[in-house]
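Here are some notes for a first look at this structure. Please read them with the model open beside you.

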Amino acid sequence: MRKEVVVAAAVTAVAVVAVLVRQYSRKKARQWRQTQRILRKFARESATPVPRLWEVANAMVSDMQASLASQEETGRNEPISDLLRKEISIPPNVLIGTSQELFDYIAAELAKFVSENPPDDTPDASERERKLGFTVSYPVDQAAATSGSAIKWKSFSANDTVEKALVNDINRALEEHGLKFRVFSLVDDTVGNLAGGRYYNNGIVASVTLAMGSNAAYVELEEAVPKWQRTIPSSNLSELVINTEWGNFNCSNLPITEFDSSLDAESSNPGSRIFEKLTSAMYLGEIVRRVLLKMAQETALFGDVVPPELATPYQLRSPDMAAMHQDTSEDRDVVGEKLKEIFGITNSTPMVREVVVEVCDIVAERGARLAGAGIVGIIEKLGRIESRKSVVAVEGGLYEHYRVFRNYLHSSVWELLGSDHSDNVVIEHSHGGSGAGAVFLAACQNPKSS
């Protein structure tokens, strides 16, 4: 009798375990199906088929025609004997500090660069004041330029009090660090990119910035700009540089998802810079994070406890997103390393990592294809699609370092233009970037007029 009781108890325990295993398996299956539903819905709402891209391009053309604005001439004919570049990352604590702290840091780094690369060996080189070009990715608020407060980025017009205050602050920092430099040109980085591009190749008709911000500038004939009021009567100027500020573009055809809407609502500039929030490096990683957070909350994608770091805004940077997206290892080992490093997730499976890659792919493809539609829109505005070759210079980490993003951008332009016209648009990486363009613009300036 005792053996029978023991055997019965053992059988019951095994049965209970089997039931629990089945319940757990069903739960995980339900969660996985929900993960896939979220993924499919996000992919569907983010889709950018060719007809939609044409709608975006045409809407952008309409906006451009309705609100053309002028910029200054960008020509320069004197040769540059040499061009040296050095990329320096600005520490986060400097970026969130005061404007003067930022300019002091830039001046100090410039002083190091100049000491490592002396301008020339002429006797008076160290005493002669030199022209300096300066570009900014975002225009800034006047409070930042005058009060030393943290920089607030927003729009400003050329030669206004904000620009002049910025130039004064930068020059003051240069002087305090003993540099014989003075800023003669402060321009948007996309305009600087176009100026630099046209110095090397006069066939460049447009420049695009795909970095922390997103923007485009292009060369327009003067007669096509009815709002232009000529301020230089004696000039033979026949072309103008148009800064589109396409980051502000918005239309009903943009593929906006719930994640984009929440990002916009919680941003410092809700309702504005919508196109930029879909196409720039500042936001792509954040969109991915928001999708993964929803999956973690609703489907336990990373376990029963949502990692606290995953709920931290802007925790995922676009370079890390690119590294995960472009991971070609069999088990997506780089994805696993990044999830651990950024979010503290230590138990991801190959299947989970594959979901992360798919989310990155959806976000990157959408952003790149929208940028491609913007490029086609500019070429369409210029009337060059069918008959003339157009070169577009692209600058920024998304294009330079994110191979998959770059490939998606190129393929979208090819799809939009088809085999008959795709050869008429050549997209190339910019020569020297916006910094070189700012230097060229500075060299054009007359010191007596500043």
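1. Start with a pair of helices. Helix 13 covers residues 350-381 and helix 15 covers residues 403-421. Their axes come within 8 Å and cross at roughly 45°. Keep in mind that this is a predicted model.

2. How do helix 13 and helix 15 lie to each other? Angles under 35 degrees would count as roughly parallel, and 65 to 115 as roughly perpendicular. The crossing is at roughly 45°, so helix 13 and helix 15 are oblique to each other. The crossing of helix 13 past helix 15 is right-handed.

3. Now look at the contact itself. From helix 13 come Asp361, Ala364, Glu365, Gly367, Ala368, Arg369, Ala371, Gly372, Ala373, Ile375 and Val376. They meet residues of helix 15, among them Val404, Phe405, Tyr408, Leu409 and Leu416. Ser411, Ser412 and Glu415 are also on the helix 15 side. By class, this contact has 13 nonpolar, four polar and four charged residues.

4. Five strands make up an open sheet, in the order 5-4-3-6-7. The pairing is mixed. Strand 5 and strand 7 (425-429) are at the edges. Each has a single partner strand, so one side of each is left without a neighbour in the sheet. On average, neighbouring strands are turned by 20° against each other, direction ignored.

5. Strand 6, residues 390-395, pairs with strand 7 in the parallel sense. Five bridges link the two. Val394 stands opposite His429, which is in strand 7.

6. Which helices meet these strands? Helix 15 packs on the sheet and touches strand 3 and strand 7. The direction of helix 15 makes about 165° with that of strand 7. Helix 7 (residues 189-200) lies across strand 3 (204-210), strand 4 (214-221), strand 5 and strand 6. Helix 7 runs at about 140° to strand 3.

7. Finally, a loop residue. Phe249 sits in the loop between strand 5 (239-243) and helix 8 (258-266). Is Phe249 buried or exposed? Its relative accessibility is 4%, so Phe249 counts as buried; the cut-off for buried is under 20%.

8. What does Phe249 touch, not counting residues up to four places away in sequence? The contacts are Val56, Ala59, Met60, Asp63, Leu254, Ile274 and Phe275. Ser272 is 23 residues from Phe249 along the chain, and their C-alpha atoms are separated by 8.3 Å.

How values were computed
Residues numbered from 1 in each chain as written. Predicted model: local features only at pLDDT ≥ 70, side-chain atom pairs only at ≥ 80, totals over all residues. Heavy atoms only, no water. Axes fitted to C-alpha atoms, helices over the stretch in contact; angles between N-to-C directions. Helix = DSSP H or I, 4+ residues; strand = E, 2+ residues; numbered from the N terminus. Parallel < 35°, antiparallel > 145°, perpendicular 65-115°, else oblique. Left-handed = near helix turned anticlockwise from the far one by under 90°. Contact = heavy atoms within 4.5 Å. Nonpolar A, V, L, I, M, F, W, Y, C, P; charged D, E, K, R; others polar. Buried < 20%, exposed > 50% of the residue type's maximum accessible area, 1.4 Å probe, protein only. Pairing = 2+ DSSP bridges.
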